[in-house]
Amino acid sequence: MRHNNIRDLTANILLEAGCKDVEVEPQLLPISGETFNYRSTITENSARLDVSARGVWSPLDKVYTDIRVFNSLAPTNNRQSVDDTFRRHEREKILNYNDRVIQVEKATFMPLVFSTTGLMGPKAEVFYKRAADGFCKGKYGE
């Protein structure tokens, strides 16, 4: 699994699901004096996430996603269960971006974490199930 393939596939899925304003690697708005809860929040004005779209959760809500693909056999990952590794990677992404997306972008953030063996994390499962619901409703009128 390659990061950019997942990013591009995600954008295509969202377009097919009827989402609006789908954008690959959207640049985040600059910070203008906001304070964040975590020191790990990414504050560079050139920060980008992987995909954004409107209409995933509700028609006007915007969601930003950031994708991570990890090797579950790497020494840093094989000391814990796969479930714990997914949670750790999701949490790192949330600590890096969630506050900024909520405060500055006025949107929601969803980390999409995958293993190189083809598994997806719990938050990615929720996200893609929701996108599939939108796809089925748009394509089949269900």
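Entry one. I looked up R7 and found it buried, because its relative accessible area is 10%. I noted the cut-offs: buried means under 20% relative accessible area, exposed means over 50%, and partly exposed lies in between, with a 1.4 Å probe and protein chains only.

Before going on I wrote down the ground rules. The model is predicted, so local features need pLDDT of at least 70 and side-chain atom pairs count only at pLDDT 80 or more, while totals for chains, interfaces and linings use all residues. Residues are numbered from 1 along each chain as its sequence is written, and side-chain values use heavy atoms, with hydrogens and water left out.

Entry two. Which side chains meet R7 in a salt bridge? I found D8, at 2.9 Å from N to O, and E25, also listed at 2.9 Å from N to O. A salt bridge here is a side-chain nitrogen of Lys or Arg within 4 Å of a carboxyl oxygen of Asp or Glu. Helices (H or I, at least four residues) and strands (E, at least two) are DSSP runs, numbered from the N terminus.

I then checked the partners. D8 counts as partly exposed because its relative accessibility is 34%, and E25 is partly exposed at 34%. R7, D8 and E25 are linked in a network of salt bridges.

Entry three. I searched the whole structure and got 7 salt bridges. One of them joins R68 and E92, with the closest N and O atoms 2.6 Å apart. This pair links strand β3 (residues 62-70), which holds R68, to helix α2, which holds E92, 24 residues apart in the chain. R68 counts as buried at 19% relative accessibility, whereas E92 is partly exposed at 30%.

I checked the span of helix α2 (residues 82-105). The expected span is 1.5 Å times one less than the number of residues, so its 24 residues should span 34 Å; the end C-alpha atoms are 32 Å apart, which agrees.

I also found a kink of about 40° in α2, centred on Y97. The bend at a residue is the angle between axes fitted to the seven residues ending there and the seven starting there. After α2 comes K106, whose phi is positive, near 55°.
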